Amino acid sequence: ARCMAGQTLASQGITKEVTPPYFSVKEAVFPFVKFPGVDTILGPEMKSTGEVMGIDNTFAVAFAKSQLGAGTRLPDGGVVFVSVKDTDKPVVLPAVQQLVSLGFTIIATGGTARYLTEAGVPIERVNKVAEGRPHIVDRIIDGDVALIFNTTEGWQSLKDSQSIRASALHAKVPYYTTAAASVAAVQGIAALRGASLEVRSLQDYYNI
């Protein structure tokens, strides 16, 4: 607060940068499940009802803890639906390849399916809603999808994916709408394989 008022850190006697030996990841808690029919897309207005924080010695486990605290349980296996905009495809590719190595099955629509196939990733192509049934929303409603990575670009793409977001919310399927969060989710899944979560008090971390 004092820095925002114009005081420098040096004037406050703070001259050494402190880097904690652990990672802290905060996650917003959204009330979408309490409002049937609402679109889960985020905008400039405040929609969260609170926030939680995961702390651990590694970023991956800290992220996984933050998801658990917010009510999202990362899957240990199953089918992952991937549909991302062109600029995000190279970003999520290594994460998708890691999911395959962990035993997950990948399904994708149109352009994402072509990109992943050309990159050597074994995938199953699934229809968009506009392409006819059976389509991706059918797969989600049937309980066949365990995780979703879906990034959009432009209002039309955003509108077209609304039914995916709605069905994912109803089915309680973890849904990530940015490439960075998708990559972090995969890191969290991999880190939890065969690992047990450690629970410590904030005081314990503060005294490290």
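**View 1. Strand S3 pairs in parallel with strand S4.** In this predicted model, S3 and S4 (residues 105–108) share 4 bridges; pairing here takes at least two DSSP bridges between two strands. Valine 82 has alanine 108 as its bridge partner in S4. To get from S3 to S4 the chain goes through helix H2 (residues 89–101), and this β-α-β crossover is right-handed, which means that, with the strands pointing away from the viewer, the path from the first strand over the helix to the second runs clockwise. Helices (H or I, at least four residues) and strands (E, at least two) are DSSP runs, numbered from the N terminus.

**View 2. S3 also pairs with strand S6.** S6 (residues 147–150) runs parallel to S3, with 4 bridges joining them. Here valine 82 has phenylalanine 149 as its bridge partner.

**View 3. Strand S3 (residues 79–83) is mostly covered.** 5 of its 5 residues are buried (under 20% relative accessible area; exposed is over 50%, partly exposed in between; 1.4 Å probe, protein chains only). Val79, Phe81 and Ser83 point one way, Val80 and Val82 the other.

**View 4. Glutamate 27 sits in strand S1 (residues 23–29).** Glutamate 27 is partly exposed, at 23% relative accessible area. The side chains of glutamate 27 and glutamine 67 make a polar contact of 2.8 Å (N or O atoms within 3.5 Å; within protein, one able to donate a hydrogen and the other to accept it, and sequence neighbours count only if both atoms are side-chain atoms).

**Notes.** Residues are numbered from 1 along each chain as its sequence is written, and side-chain values use heavy atoms, leaving out hydrogens and water. Local features need pLDDT of at least 70, side-chain atom pairs count only at pLDDT 80 or more, and totals for chains, interfaces and linings use all residues.
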